[in-house]
Amino acid sequence: MTSAAHPRAVEVARLLHEAGAPGEVRVLPAEVRTAAAAAAELGVPVGAIANSLVFVAVGQPVLVLTSGAHRVDEAKVAELLGVPEVRRAPAEFVREVTGQPIGGVAPVGHPEPIGTLVDVELARHEQVWAAAGHPATVFPTTYEELLRLTDGAPAEVGDGPAGPGAGDAPRPHDVAEAVGT
């Protein structure tokens with residue numbers, strides 16, 4: 001990480017180090033605000049990008065870390081959480097609850113803990129890449145490490161093939177309890 005790095009990315013790097021995460025934050029030459037752009041820049045499959053998407057469920061934020069190749073099914077997530085609906089959070093809300101801009105939301109480093117679902121599709125990849133607090137920063141990690149870093153619940157959040165361990169995904173009540181809805 002260079003001294004010119006964004007302060008949010010520096011904070012994320014510090015938190016990752018304190019948590020014992022081995023991956024180093026990487027500063028990219030330009031902002032990558034989509035999974036496809038990040039995958040192209042890193043030379044990895046789009047499914048190995050962990051998109052950080054913030055939703056609102058009963059007025060509370062929910063972070064969904066989903067595979068870049070997987071579209072979140074909001075009805076499925078609402079069912080998992082046991083709430084009537086979830087909806088994508090507006091940019092201002094995302095920044096308020098994460099302290100980070102859309103396109104750069106890291107799994108860690110938020111002002112307050114956010115209930116998190118981690119897409120089982122990410123388990124298909126030995127290494128995944130997540131944003132590090134700014135749209136031009138990323139870090140390598142694993143599915144298991146994302147679960148540990150976020151205290152997240154594994155979940156099938158969309159349609160498509162399920163990754164290894166998907167059969168062990170928790171029941172909706174367990175997910176709702178883990179996320180705090």
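Q: What does the accessible surface of the chain come to, and what share of it belongs to carbon and sulfur atoms?
A: In this predicted model, the accessible surface of the chain comes to about 8600 Å². Carbon and sulfur atoms account for 51% of that surface.

Q: How many of the residues count as buried, as a percentage?
A: A residue is called buried when its relative accessible area is under 20%. By that cut-off, 51% of the chain's 181 residues are buried.

Q: Which helices and strands does the chain have, and in what pattern?
A: There are six helices and eight strands. Along the sequence they follow the pattern α-β-α-β-β-α-β-α-β-β-β-α-β-α.

Q: Which residues of helix H3 are buried?
A: H3 spans residues 74–81, and its buried residues are Val77, Ala78, Leu80 and Leu81. These four lie on the same side of H3, because they cover an arc of only 160° around the axis.

Q: What does the face of H3 turned away from its buried side carry?
A: That face carries Ala75 and Glu79, which are exposed.

Q: Which residue caps the N-terminal end of H3, and what follows the helix?
A: The cap is Asp73, with a side-chain oxygen 3.0 Å from the backbone nitrogen of Ala75. After H3 comes Gly82, with a positive phi near 70°.

Q: What is the mean pLDDT of the chain, and where is the pLDDT below 50?
A: pLDDT is the predictor's confidence in each residue. Its mean over the chain is 88, and 86% of the residues reach 70 or more. Residues 162–173 fall below 50; this stretch has 17 contacts in the model beyond near neighbours in sequence.

Definitions and conventions. Residues numbered from 1 in each chain as written. Predicted model: local features only at pLDDT ≥ 70, side-chain atom pairs only at ≥ 80, totals over all residues. Heavy atoms only, no water. Buried < 20%, exposed > 50% of the residue type's maximum accessible area, 1.4 Å probe, protein only. Helix = DSSP H or I, 4+ residues; strand = E, 2+ residues; numbered from the N terminus. Arc of directions from axis to C-beta. Polar contact = N/O pair within 3.5 Å; in protein donor to acceptor, adjacent residues only side chain to side chain. pLDDT = per-residue confidence, 0-100. Contact = heavy atoms within 4.5 Å. Areas by Shrake-Rupley, 256 points an atom, 1.4 Å probe, with all protein chains shown as cover.
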